[in-house]
Every structure is written in structure tokens, then in C-alpha cells.
Amino acid sequence: MQLDDYAQLFTNFNRYYSFEHIPTKFVRGSAKEPDCFDDETCLLLKADDGIALVVGCSHQGILNITATVKERTGLPVRRIIGGIHLSGEGQERMDRTLNELKQLGVREFNLCHCSGANVPGRVSTGTVIKLD
């Protein structure tokens, strides 16, 4: 959904990275069925040389979200703002995700709540992290 010349809402993400899984603890409805987070939405903001991506918790996987946005818009995601849902994941998974994000063109993060303590250089929530 296009909001104006600089912002749009985006949903319906493809699953490119099988290692990005949704924990089984996330269920929905009285039947407690696994939640696939098919209603997850992000905000895209035009930047000088690509897109700034504002996410909530990235339950479908930050790589899946980023790759889908890049594919459908034809523009690189340069900055991710929000949570990347890696809390509780090990350093190997964090490194793999950050390396893949670099390959997709991401240069900076402003991370929050569910991003995980293993983010290199993370000092506190909201700290800008640059990928070199």
C-alpha cells in the first residue's frame, strides 16, 4: 500500500531462507495452531540510494523480508530499523544472518527489543550499527 511519495506498507513475504524459522511457541487461536505470521507488515521509506526498512519483530525472518522487498521493488535495503528476531540465537546464526544482509546491500541497523545480544558492536537498544 503506497502511503505517499516516500512511504509504503509491505506484506506477503516469500520464504527464501529455510534456516529462518518461526519458533513453535508462537501459536494463534483457541486451537493453538502454529502462527505463520502471514499478517506481518513492514514500512518502506525512500532513502537517497535505496530503502530504509522499518520492521516490528521480523517473525518471518529478516532475510526473507529484506530479500522480498529488494526483489519486488528493485531497490536495495540500506538500513533496517526495528527488531530482527534473533534473541536467543547463537553467534553462528547471528554471523550468518549479518553476512547475508551485507550481501543484500544492508549497511546500517537501528535495532531494538528482539534483536539478540550477539549483534556485533551492539551497545544498547537504538545504537546505530554499521556493516562494513
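Buried means under 20% relative accessible area, and exposed means over 50%. Keep both cut-offs at hand. This is a predicted model.

**Stop 1: the cysteines**

Select Cys-57. Is Cys-57 buried or exposed? Its relative accessibility is 16%, so Cys-57 counts as buried. That call rests on the cut-off of under 20%.

Now select Cys-42. Its relative accessibility is 3%, so Cys-42 is buried too.

How many disulfides does a search of the whole structure find? The search returns zero. A disulfide is a covalent bond between the sulfur atoms of two cysteines.

**Stop 2: the fold**

Colour by secondary structure. The chain has two helices and eight strands. Trace the chain along the sequence. The pattern reads β-β-β-β-β-α-β-α-β-β.

**Stop 3**

Most residues other than glycine have a negative phi. Two stops here go the other way.

Select Asn-12. This residue is not a glycine, yet its phi is positive, about 65°. Where is Asn-12 placed? Look in the loop between β1 (7-11) and β2 (27-28). Asn-12 counts as exposed because its relative accessibility is 53%.

Move on to Lys-32. Its phi is also positive, about 55°, and Lys-32 is not a glycine either. Lys-32 sits in the loop between β2 and β3 (33-34). With a relative accessible area of 57%, Lys-32 is exposed.

**Stop 4: the surface**

Zoom out and draw the surface. The chain exposes about 7,300 Å². Carbon and sulfur atoms supply 51% of that area. Now colour by burial. Of the chain's 132 residues, 42% count as buried.

**Stop 5: the largest pocket**

Which residues lie nearest the centre of the largest pocket? Select His-21, Pro-23, His-85, Ser-87 and Glu-89. They belong to a lining of 15 residues.

The volume of the largest pocket is about 160 Å³. Colour the lining by class. Five of its residues are nonpolar, six are polar and four are charged.

End the tour with the lining on display.

Technical notes. Residues are numbered from 1 along each chain as its sequence is written. This is a predicted model: local features need pLDDT of at least 70, side-chain atom pairs count only at pLDDT 80 or more; totals for chains, interfaces and linings use all residues. Side-chain values use heavy atoms; hydrogens and water are left out. On a 1 Å grid over the protein atoms alone, a cavity is a set of points where a 1.4 Å probe fits but cannot get out, and a pocket is an open set with protein on both sides within 12 Å along at least five of seven lines; lining residues have an atom within 4 Å of a point. Grid points are joined across faces, edges and corners, and a volume is the space filled by probe spheres set on the points. Ala, Val, Leu, Ile, Met, Phe, Trp, Tyr, Cys and Pro count as nonpolar, Asp, Glu, Lys and Arg as charged, and the others, Gly among them, as polar. A disulfide is a pair of cysteine sulfur atoms within 2.5 Å. Buried means under 20% relative accessible area, exposed over 50%, partly exposed in between (1.4 Å probe, protein chains only). Helices (H or I, at least four residues) and strands (E, at least two) are DSSP runs, numbered from the N terminus. Accessible areas come from the Shrake-Rupley method with a 1.4 Å probe; for residues, only the protein chains shown count as cover.
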